[in-house]
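Please walk through this structure with the sequence beside you, taking one residue at a time and then the wider region around it.

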Amino acid sequence: MAISLFELFKVGIGPSSSHTVGPMRAAGRFVAALEAEGLVVSVNRLKVSLYGSLGATGKGHGTGPAVMMGLEGELPDRIDPEQMPARLGRIRSTGMLSLSGQQPVRFRETSDLVYYRRKSLPDHPNGMICLAFDPEGRCLCEKTYYSVGGGFVMDAAADGTAGIREDDTPQPYPFGSGKALLALCRQHDLTIAEIMYANEQAWRTPTEIRCGILELWRVMRACVQNGIRHEGELPGGLRVRRRAALLYRSLMDKQRVDLISPSLSALDWVNLYALAVNEENAAGGRIVTAPTNGAAGIIPAVLHYYWEFCPHANEDGIVRFMLTAAAIGLLFKKNASISGAEVGCQGEVGSACAMAAAGLAAATGGSPEQVENAAEIGMEHHLGMTCDPIGGLVQIPCIERNAMASVKAIDAAIMALRGDGKHFVSLDKVLHTMRETGRDMLDKYKETARGGLAVNIIEC
């Protein structure tokens with residue numbers, strides 16, 4: 001299984017890669033299947049059923065609107081988030097949507113979008129079934145999809161997957177573990193970024209790779225700026241106030257009287273970057289899955305730290321950072337999970353922290369062994385983290401959790417760079433532990449809003 005950097009890092013919208021980006025892509029795949037079979041003109045009504053975590057927290061995660069936009073032919077990286085409210089209003093008021101942007105069909109959200117809060121499909125916690133009916137009520141097509149984290153989608157009716165490249169294209173340096181990756185680096189005298197860069201060329205030219213990475217960096221920067229610009233309360237009913245704008249004005253105060261210590265001022269900015277991104281995500285804004293939306297603030301925050309506070313930072317360093325982070329991310333995707341519904345928040349925030357720590361260590365000159373150590377430290381100290389969003393919204397504790405993990409990632413890189421790369425616990429061992437811990441974790445702590453803070457904040 002070969003995974004590209006541009007499959008781990010995807011431009012989309014908030015608030016969730018597994019609950020928003022994935023379902024929109026799945027709905028789009030369903031439309032494509034109808035088109036391929038020549039059935040679009042025969043469709044009179046659609047129905048979508050959501051199971052497991054999608055059913056339990058889908059309303060708070062924007063799953064329904066994402067599905068409706070996907071059925072209308074939209075893609076997460078191209079849709080204009082600001083146009084969604086008006087379009088959703090039209091569907092809700094008329095009871096009709098435009099299938100693939102051209103065919104009017106019946107779709108009443110209250111009856112044709114079903115949330116099964118306590119039912120799950122067999123292969124993954126994030127399951128959905130799409131059905132299309134003709135005017136006589138006969139089922140024309142039925143498809144089952146799984147949103148498996150980070151915007152990746154698996155079609156249960158096919159051997160391939162939507163988000164994961166599984167082809168016969170040879171890669172010069174294939175690897176499936178941290179141990180294998182380090183062995184390749186030693187054997188060929190290459191860095192982790194160089195290994196990943198060579199593998200990426202199986203699909204793209206060097207120019208396309210570099211330009212694509214810098215475009216992701218541009219979207220991340222724009223997301224931070226949007227987060228700083230917007231104020232008020234986040235949607236969803238919790239009345240959570242956006243803090244990034246106020247924090248930015250405070251940091252821009254030349255006196256900076258509110259800083260605990262001038263020597264720690266960089267951490268205030270790191271917190272700002274992470275809060276800004278995740279507030280934009282919670283508001284449904286433009287985001288980069290990194291590797292998920294729930295953890296989307298960590299890599300941009302650490303990248304901003306590199307860009308603003310590390311001497312000699314440049315675009316080459318940004319490219320090294322992203323290539324290295326992607327190499328670590330694909331190890332998580334292959335050997336453990338990046339899905340909060342599958343292994344808890346350790347799979348989202350923990351993975352992103354490890355990726356960011358590795359990226360920063362690489363961008364600042366770390367050896368492959370130091371980079372692997374940084375990733376291991378970042379993940380090790382997120383083991384067991386539950387996913388328990390209050391109200392099923394990607395707000396509390398998710399937003400602050402990204403800021404804390406960003407600081408951890410920087411510290412993990414610093415600790416690794418102070419050493420020689422030799423350490424007791426390998427990244428592979430931590431990955432195995434994370435997977436086992438997620439398997440042992442009760443389902444109520446896996447993005448269902450039925451355990452942890454999600455219930456105790458109400459009971460206390």
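In which helix is Thr20 found? Thr20 belongs to helix α2, which covers residues 17-36, where helices (H or I, at least four residues) and strands (E, at least two) are DSSP runs numbered from the N terminus. This is a predicted model, in which local features need pLDDT of at least 70 and side-chain atom pairs count only at pLDDT 80 or more, while totals for chains, interfaces and linings use all residues. Residues are numbered from 1 along each chain as its sequence is written, and side-chain values use heavy atoms, with hydrogens and water left out.

Thr20 has a relative accessible area of 2% and is therefore buried (under 20% relative accessible area, with exposed over 50% and partly exposed in between, using a 1.4 Å probe and protein chains only). A polar atom of the Thr20 side chain lies 2.6 Å from the backbone oxygen of His61. Beyond its neighbours within four places in sequence, Thr20 is in contact (heavy atoms within 4.5 Å) with residues including Ile13, Pro15, His61 and Ala66.

Lys10 lies in strand β1, residues 10-13. Lys10 is buried yet has no salt bridge (a side-chain nitrogen of Lys or Arg within 4 Å of a carboxyl oxygen of Asp or Glu), and the nearest side chain of opposite charge, that of Glu7, is 7.6 Å away; Lys and Arg count as positive and Asp and Glu as negative, with His and the chain ends not counted. The Lys10 side chain does reach the backbone oxygen of Gly150, at 2.7 Å.

Notes:
A polar contact is a pair of N or O atoms within 3.5 Å; within protein, one must be able to donate a hydrogen and the other to accept it, and residues adjacent in sequence count only if both atoms are side-chain atoms.
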